[in-house]
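Subject: Structure handover

Hello,

Here is the structure I promised to pass on. Please open it first, then read my notes below.

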Amino acid sequence: GIQTCFVHTDVETRTNLKVVDPINNTFTDINEPGGQVIEADIRKLESNLLSRIKADDIVVFSGRVANGMDASIVKEWAIQCKQKGARVFVDAEGDTLKLAIEAEPYLIKPNLDELESITGKKLDKREAVILECNRIIECGVSVIVLSLGKEGALFFNEQKRLYIEALDVQVKSTVGAGDSMMAAFAYGVHNNLDFEETARLSIAVSGAKVTCQGTEMPDKEQVNRMYDLLF
């Protein structure tokens, strides 16, 4: 039931390998850079995106920009999506994320390494992390979801600061954990759940996802069980 609108190009889609070591319980990502996309394809994607945006939509920019794309493109598109009344979520890294913040997106979802990268600081104390996230909120970002991996996540908005520990589950794969967290938060915002309920749901969905192999998705029953464990 999901409508897709792909832009097909002459370059191959990049291949990512995920290496799972069940003995040492480690997960290694080997991500290829992918081919060089041309300006015409980038502008076709832009046209497809902007022609479909409606007021109150949620637009998620997730992952790394393709080769051939400028780091400022997410900022550029975020501004245009906001002008159409959409709420913009950004899950990116490096200059792409740093520039996107200037567009004042509704939400960003960095991990700790990405937060350190855009602030240029080593944030080895919780107080320093909170200070930097508060500063970003003051710059116009409405929500920050700071992923802390096995330690859980910190959630910030203008009124609240919330820490939720990660669920103690058997991790079978970390593929898609962050994407699942983002999807759950978008679901919560779209359905007008309160901030704390949305934060807990995102932890529950992410926790359920890591108990699944590879790209396998958890079902609603698994998510509900995880959600109940947070109380």
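Start with D56. At 57% relative accessibility, D56 counts as exposed, because the cut-off for exposed is over 50%. Please keep in mind that this is a predicted model. D56 sits in the loop between α1 and β3. Its phi is positive, about 75°, although D56 is not a glycine.

N25 has a positive phi too, about 55°, and N25 is not a glycine either. Look for N25 in the loop between β1 (16-21) and β2 (26-31). With a relative accessible area of 48%, N25 is partly exposed.

Helix α1 covers residues 39-52, which makes 14 residues. From its first C-alpha to its last, α1 reaches 20 Å, close to the 20 Å expected at 1.5 Å a residue. Which residues of α1 are buried? They are D41, I42, E46, N48, L49 and L50. What do these buried residues pack against? Their partners are β3 (58-62) and α2.

Now the nonpolar cores. The largest one has 35 residues. Within this core, F61 and C81 touch the most other members. Helix α2 (residues 73-83) gives the core its largest share, five residues. Leaving aside neighbours within four places in sequence, C81 is in contact with L49, L50, I53, V59, F61, A86 and V88. There is also a second, separate core of 26 residues. Among its members are A186, V189, A199 and L230.

Two single residues deserve a look.

- K75 is in helix α2. K75 counts as partly exposed, at 24% relative accessibility. Setting aside residues up to four places away in sequence, K75 touches L99, A100, E102 and A103.
- D91 is in strand β4 (residues 87-91). D91 is buried, because its relative accessible area of 12% falls under the 20% limit. Apart from residues up to four places away in sequence, D91 touches F61, S62, G63, K109, D179 and M182.

Last, the helix pairs. Two packed helices are described by the angle between their axes and the distance between the axes.

How do α6 and α7 pack? Helix α6 (residues 177-190) and helix α7 (residues 195-210) meet at an angle of about 150°, with their axes 8 Å apart. The two are therefore roughly antiparallel, since angles over 145 degrees count as such. Their crossing is right-handed. On the α6 side, the contact includes A177, S180, M181 and A184. On the α7 side, the contact includes F195, T198, A199 and L201.

Helix α7 also packs against helix α8 (residues 220-229). Here the angle is about 120°, and the axes are 8 Å apart. So α7 and α8 are oblique to each other. The crossing of α7 and α8 is right-handed. E197, R200, L201, A204, V205, G207 and A208 in α7 meet Q222, V223, M226 and Y227 in α8.

Best wishes

Terms used: Residues numbered from 1 in each chain as written. Predicted model: local features only at pLDDT ≥ 70, side-chain atom pairs only at ≥ 80, totals over all residues. Heavy atoms only, no water. Core = buried A, V, L, I, M, F, W, Y, C linked by side-chain atoms within 4.5 Å. Buried < 20%, exposed > 50% of the residue type's maximum accessible area, 1.4 Å probe, protein only. Helix = DSSP H or I, 4+ residues; strand = E, 2+ residues; numbered from the N terminus. Contact = heavy atoms within 4.5 Å. Expected span 1.5 Å × (residues − 1). Axes fitted to C-alpha atoms, helices over the stretch in contact; angles between N-to-C directions. Parallel < 35°, antiparallel > 145°, perpendicular 65-115°, else oblique. Left-handed = near helix turned anticlockwise from the far one by under 90°.
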